[in-house]
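Here is a set of questions and answers for someone meeting this structure for the first time. Please keep the sequence and the 3D view at hand while reading.

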Amino acid sequence: MAHSSQTPPRGHVAFVGAGPGDPELLTVRAMREIQSAEVILHDQLVPEAILSLASEGATLLPVGKKGFGPSMKQDDINALIIAHASSGARTVRLKAGDPGVFGRLDEETEALDAAGIPYHVTPGLTASTAAAASLGVSLTKRGRNSDLRLLTGHDVKGFAEQDWRTLARPGSVAAIYMGKRAARFLQGRLMMHGGDPATPITVVANASRPNERQLPSTLATLPADLDAADLDGPAVLLLGLAPRAARAIAFARQEVS
C-alpha cells in the first residue's frame with residue numbers, strides 16, 4: 001500500500017532515509033518530511049544534527065538497533081509505528097542511510113500493510129556511496145568491475161555466507177556493511193577461494209561525518225589493521241578499493257623499486 005506524497009497526511013507513515021549522517025546530504029524531500037512530522041521514530045545511528053531539524057513540537061522516539069548491543073525488538077517497533085499512525089499523527093520512520101539497504105524496511109511495511117495503514121518511502125544516500133566519495137574513487141569502473149555487490153557481514157544466523165569465489169576474483173568490488181566483527185571470517189573465506197592477499201580493502205567509519213576515519217588495508221592485513229585502529233561507530237568495508245592517495249603512493253613505490 002505504498003503511496004507518494006509531498007507532505008505526509010495524518011495517519012500516513014513516511015519512511016525516510018537520513019543518509020550517512022551529514023545533514024547536507026539529505027534529500028530535499030527528506031528534509032521537508034522531517035520538518036513536517038509530528039512523530040519521528042528514529043534509528044540509533046541518526047545523528048543529533050539531523051534530529052534537530054524536526055519541528056519544536058515533534059515527538060522524537062529512539063527505536064534503534066545496535067549491532068551486538070541493546071536493541072528494541074522489531075515487533076515492538078512495528079507496534080509503535082502502527083499506534084502513532086493510527087492515532088492520526090503525521091508519522092516519520094527515520095532510518096539511517098537508505099531504508100531499503102539493510103534497513104528492515106520490508107518487515108515494517110508488511111506490518112503496515114496488514115494494519116491497513118498507507119505509507120511511502122523516501123530513499124536516502126547509503127553509506128557505501130558516501131564512503132567511496134570520501135575516498136575519491138568510483139564504485140564501478142570500465143575495465144575493472146561491471147557489477148557492484150552490497151553485502152552484510154552478518155545476518156540473523158551469524159556471519160553471512162556469500163558467493164566467495166566470485167568475490168575473490170581480481171577486480172571485484174563490494175561494499176560490506178556491518179563487517180568489522182566479521183573481518184577475520186571474511187579474510188578466511190576470500191583467501192580460501194583464491195583471493196589475492198594484496199587485494200585492497202578500505203574501511204570507512206562514520207562516512208560523511210566530522211569524525212569520519214579511513215583505514216586503508218589489504219586482505220592479508222585486514223583483521224590486524226582493524227584491531228590496531230580500534231575504529232568506533234558504523235563502518236563499511238570497501239573490498240577492491242583503495243583511497244586515490246594510497247594508490248598514488250603504491251604506484252610511486254613500484255616505480256622506485
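Q: In which relative direction do helices α7 and α8 run, roughly parallel or roughly antiparallel?
A: In this predicted model, helix α7 spans residues 183–192 and helix α8 spans residues 222–229, and the two pack with their axes 8 Å apart at an angle of about 165°. Angles over 145 degrees count as roughly antiparallel. The two helices α7 and α8 are therefore roughly antiparallel.

Q: Which residues of α8 make the contact with α7?
A: The crossing of α7 past α8 is right-handed. By class, the contact holds 4 nonpolar, 1 polar and 2 charged residues. On the side of α7 the contact is made by Ala183, Arg184 and Gln187, and on the side of α8 by Leu222, Pro223, Leu226 and Asp227.

Q: How far apart in sequence are the parts that the pair of Phe15 and Tyr119 ties together?
A: A search of the whole structure finds 3 aromatic pairs, and one of them joins Phe15 and Tyr119 edge-to-face, at 5.9 Å centre to centre with 85° between the planes. Both Phe15 and Tyr119 are buried. Because Phe15 lies in strand β1 (residues 13–17) and Tyr119 in strand β5 (residues 119–122), the pair ties together parts whose separation in sequence is 104 residues.

Q: What is the arrangement of the rings in the aromatic pair of Phe102 and Tyr177?
A: The pair links distant parts of the chain, with Phe102 in the loop between β4 (91–95) and α4 (105–115) and Tyr177 in strand β9 (residues 174–177), 75 residues apart. The centres of the two rings are 5.2 Å apart and their planes make an angle of 55°. Planes under 30 degrees apart count as stacked and those over 60 as edge-to-face, with the rest as tilted. The arrangement of Phe102 and Tyr177 is thus tilted.

Q: What separates the C-alpha atoms of Leu241 and Thr218?
A: Leu241 sits in the loop between β12 (235–239) and α9 (244–256), and at 2% relative accessibility it counts as buried. Leaving aside neighbours within four places in sequence, Leu241 is in contact with several residues, including Val137, Arg144, Val173 and Ile201. Leu241 and Thr218 are 23 residues apart along the chain, and the separation of their C-alpha atoms is 9.6 Å.

Definitions and conventions
Residues numbered from 1 in each chain as written. Predicted model: local features only at pLDDT ≥ 70, side-chain atom pairs only at ≥ 80, totals over all residues. Heavy atoms only, no water. Axes fitted to C-alpha atoms, helices over the stretch in contact; angles between N-to-C directions. Helix = DSSP H or I, 4+ residues; strand = E, 2+ residues; numbered from the N terminus. Parallel < 35°, antiparallel > 145°, perpendicular 65-115°, else oblique. Left-handed = near helix turned anticlockwise from the far one by under 90°. Contact = heavy atoms within 4.5 Å. Nonpolar A, V, L, I, M, F, W, Y, C, P; charged D, E, K, R; others polar. Phe/Tyr/Trp six-rings, centres within 6.5 Å; stacked < 30°, edge-to-face > 60°. Buried < 20%, exposed > 50% of the residue type's maximum accessible area, 1.4 Å probe, protein only.
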